[in-house]
Amino acid sequence: MEENKEKEPDYFVKKIIQEIGLEEPSLNFTETVLSKIETAREPNSVTVYTPLISKFSWAILAVIVVGMGALALFGKVDTKNSWLEYINLDAVSEFTFLDSMANLKFPSTLVYGVLALTIFVYVQIFLLKNHLGKKYELH
Amino acid sequence: MNHNQDQHYIAKVIQGDIRAFSVLIDRYKYMVFTMALKIVRNREDAEEVAQDVFIKAFSALDTFKGDSKFSTWLYQIAYYRSLDYLKKSKRSVETTGIDVSDDYSITNAEYITDYLEANDRKTMIKKALDELSADDSLLITLHYFEELSLKEISKVMDITANTAKVRLFRSRKRLAEILKDRVEPEVVKNHGRK
């Protein structure tokens with residue numbers, strides 16, 4: 001009796017499920033899928049990766065760098081008339097710019113302004129990070 | 001049933017014959033679409049998900065080992081793709097309670113369904129199925145229409161075979177209940193008429 005009670009709904013449900021059948025997708029379903037597959041298979045000039053600096057350019061760059069290095073080490077370059085002579089390097093020892101910085105005074109309004117701005121920027125970073133973090137959160 | 005035939009077409013597709021894949025699509029599109037529809041509950045979305053399932057299956061076909069049936073493998077993709085879609089659109093699978101009262105008479109329900117016109121009956125059964133949770137309705141369709149074994153279902157839905165068995169039993173019971181609740185008032189109404 002108990003077994004019968006088990007089997008009955010089994011048969012009944014099977015019958016009704018077979019009766020209603022399956023849902024039908026649109027008529028051109030197969031064609032749509034196939035065309036999507038074909039499009040996906042064609043290499044796309046936008047998505048295919050092309051390095052910004054090609055291998056050929058890298059080779060030329062390498063030759064130039066090695067060449068310059070070799071030239072500096074082994075090359076006999078006449079340095080007498082070097083452009084270095086034309087630069088007044090003595091000026092470096094007489095450098096007074098930093099000394100004048102010591103006397104520099106900012107108006108306090110500017111100091112407060114910059115401080116406040118800095119604080120706002122940091123607050124925004126925090127808020128934006130939170131906001132964007134929530135927006136793209138994965139569940 | 002179609003296991004060997006599937007293998008034949010799968011091999012062809014892997015060799016580069018895309019057209020051979022259309023045979024597989026035609027064979028399984030109804031079930032995949034039905035599965036997607038049960039979960040996303042919207043025809044347009046289900047169509048999109050179903051297409052996506054086949055595209056995914058196509059690109060992963062060479063990873064299909066053949067130790068299970070192709071259909072089981074495909075339905076597994078369909079199940080997860082549909083759930084992913086729901087997740088992306090931030091909806092959740094609709095669930096219903098599983099409370100089922102103990103005394104129900106299935107014979108009565110069967111008699112009652114015969115009573116209705118075939119078309120009405122189909123609509124009504126579909127509606128009753130919709131009242132089940134997506135997973136339960138899926139379970140019933142996979143088992144009774146596709147005749148997947150409990151083991152295969154457990155693979156598709158990533159649950160144990162035992163859980164599948166219990167859930168199948170409960171949802172079957174619940175389906176019978178819903179049908180009974182829906183049909184009985186109508187039968188009672190028409191009972192005394194001549």
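Let's start with B:Arg19. At 46% relative accessibility, this residue counts as partly exposed. Its side chain meets A:Glu31 in a salt bridge, at 3.7 Å from N to O. A:Glu31 is partly exposed as well, at 45%.

A word on what we are looking at. This is a predicted model. Its scores are ipTM 0.71 and pTM 0.62. Chain B averages a pLDDT of 81, and 78% of its residues score at least 70. One stretch to treat separately is residues 100-104 of chain B, where pLDDT stays under 50. For that stretch the model has 14 contacts beyond four places in sequence.

Now the interface. How many residues of chain A are in contact with chain B? The count is 32, and they meet 45 residues of chain B. The area buried between the two chains is about 4,000 Å². Carbon and sulfur atoms give 65% of that. On the chain A side, three residues lose the most area to chain B: A:Phe12, A:Leu22 and A:Glu23. Together they make up 18% of what that side buries.

Next, the polar side of the interface. The rule finds nine residue pairs in polar contact across it, both residues at pLDDT 80 or more. Which elements of chain A give two or more residues to the side that touches chain B? They are helix H1, residues 2-20, and helix H2, residues 29-41. H1 of chain A brings the largest share, 15 residues. By class, this side of chain A has 13 nonpolar, six polar and 13 charged residues.

On to the salt bridges. Across the interface of chain A and chain B there are four. Over all chains, the whole structure has 10.

B:Arg43 forms a salt bridge with A:Glu23, and the closest N and O atoms are 3.2 Å apart. B:Arg43 lies in helix H3 of chain B, residues 43-59, while A:Glu23 lies in the loop between H1 and H2 of chain A, so the pair joins two chains. Are the two partners buried or exposed? B:Arg43 is partly exposed, at 41% relative accessibility. A:Glu23 is buried, because its relative accessible area is 19% and the cut-off for buried is under 20%.

Now a pair inside chain B. B:Arg27 forms a salt bridge with B:Asp6, with the closest N and O atoms 2.5 Å apart. B:Arg27 is in helix H2 and B:Asp6 is in helix H1, residues 3-14, so the pair ties together parts that are 21 residues apart in sequence. B:Arg27 counts as partly exposed, at 25%. B:Asp6 is buried, at 2%. Back to A:Glu23 for a moment. Salt bridges that share partners join A:Glu23, B:Arg43 and B:Lys126 into one network.

Last stop: the later part of chain B. Take B:Ser137, in helix H7, residues 134-145. Buried or exposed? At 2% relative accessibility, B:Ser137 counts as buried. Leaving out residues up to four places away in sequence, B:Ser137 touches B:Lys38, B:Leu129 and B:Leu132.

Then B:Leu148, in the loop between H7 and H8 of chain B. B:Leu148 is also buried, at 2%. What does B:Leu148 contact beyond its neighbours within four places in sequence? The partners are B:Tyr75, B:Leu142, B:His143, B:Ile153 and B:Val156. B:Leu148 and B:Thr72 are 76 residues apart in sequence, but their C-alpha atoms are 8.2 Å apart in space.

In H8 of chain B, residues 150-157, the buried residues include B:Glu152, B:Ile153, B:Ser154, B:Val156 and B:Met157. Just after H8, B:Asp158 takes a positive phi of about 55°.

To close, back to the interface. Four salt bridges cross between chain A and chain B, and about 4,000 Å² is buried there.

Technical notes. Residues numbered from 1 in each chain as written. Chains lettered and ligands numbered in written order. Heavy atoms only, no water. Contact = heavy atoms within 4.5 Å. Buried area = accessible area lost by both parts, 1.4 Å probe. Polar contact = N/O pair within 3.5 Å; in protein donor to acceptor, adjacent residues only side chain to side chain. Helix = DSSP H or I, 4+ residues; strand = E, 2+ residues; numbered from the N terminus. Nonpolar A, V, L, I, M, F, W, Y, C, P; charged D, E, K, R; others polar. pLDDT = per-residue confidence, 0-100. Buried < 20%, exposed > 50% of the residue type's maximum accessible area, 1.4 Å probe, protein only.
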